[in-house]
Amino acid sequence: MASKLLDPGLDSPSATEVDEKWMRAALLLAEEAAAAGEVPVGCVLVSGGEVIGQGRNSPIELLDPTAHAEMMALRQGALALGNYRLEDATLYCTLEPCVMCAGALVAARVRRLVFGARDLRFGGVRSKFQVADSPLLNHRVEVTEGVLGVEATILLQRFFASRRDSETRSQRDNGS
């Protein structure tokens, strides 16, 4: 069954417009993560044109190393649908998922992943590994990358620059 998001009807927005709409929602969640002192990653899980799950990075706040934005959105989505299989869902994520999260996308049978920025250090979808659409696995996630990637990258760069500046000030103030 095709999702309303990709309905090619005349009055429907283009797939690019739809992807950007949901990625902007994910960017807002990433900004919330940054404000909470977490790495700024946000995700929105959409099925049938509706948000069924969302998340922001929260491992520090929740004392949970698995509390990545993707995992939070997948958990909410599974509860919303009453099923761990999310076959008609699209996950919009500001940053390329890590290997753990990419594996969860496969396990949940997510149909599509749209992400903004590549994660050159830990990326599990394109940069380091290709878990989400590996021909070795029983399910392949359709992957679209680079949607609002500049905005996602700038958010990450500002976050880490701010942290480096804070650490430098702290060291200077402590006489280090």
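## Accessibility and the predicted model

A residue is called buried when its relative accessible area is under 20%, exposed when the value is over 50%, and partly exposed in between. In this predicted model, Arg126 has a relative accessibility of 21% and therefore counts as partly exposed.

## Salt bridges

Side chains of opposite charge can pair when their charged atoms come close. The structure holds 6 salt bridges. One of them joins Arg126 to Asp133, with the closest N and O atoms 2.8 Å apart. Asp133 is partly exposed, at 23% relative accessible area. Through salt bridges that share partners, Arg118, Arg126, Asp133 and Glu145 form one network.

Within this group, Glu145 and Arg118 are linked by a salt bridge of 2.7 Å between the closest N and O atoms. Glu145 belongs to strand β5 and Arg118 to the loop between β4 and β5, so the pair ties together parts that are 27 residues apart in sequence. A further salt bridge connects the side chains of Glu61 and Arg56, at 2.7 Å from N to O. Here Glu61 is partly exposed, at 49%, whereas Arg56 is buried, at 16%.

## A buried serine

Ser58 is found in the loop between β2 and α2. Its relative accessibility is 6%, so Ser58 counts as buried. Leaving aside residues up to four places away in sequence, Ser58 touches Glu38, Leu63 and Ala67.

## The largest pocket

The largest pocket has a volume of about 690 Å³. Its lining comprises 23 residues, and those closest to the centre are Val39, Leu95, Asp119, Leu156 and Phe160. Helix α5 gives the most to this lining, with 5 residues. By type, the lining residues are 12 nonpolar, 4 polar and 7 charged.

Key: Residues are numbered from 1 along each chain as its sequence is written. This is a predicted model: local features need pLDDT of at least 70, side-chain atom pairs count only at pLDDT 80 or more; totals for chains, interfaces and linings use all residues. Side-chain values use heavy atoms; hydrogens and water are left out. Helices (H or I, at least four residues) and strands (E, at least two) are DSSP runs, numbered from the N terminus. Buried means under 20% relative accessible area, exposed over 50%, partly exposed in between (1.4 Å probe, protein chains only). Contact means heavy atoms within 4.5 Å. On a 1 Å grid over the protein atoms alone, a cavity is a set of points where a 1.4 Å probe fits but cannot get out, and a pocket is an open set with protein on both sides within 12 Å along at least five of seven lines; lining residues have an atom within 4 Å of a point. Grid points are joined across faces, edges and corners, and a volume is the space filled by probe spheres set on the points. Ala, Val, Leu, Ile, Met, Phe, Trp, Tyr, Cys and Pro count as nonpolar, Asp, Glu, Lys and Arg as charged, and the others, Gly among them, as polar. A salt bridge is a side-chain nitrogen of Lys or Arg within 4 Å of a carboxyl oxygen of Asp or Glu.
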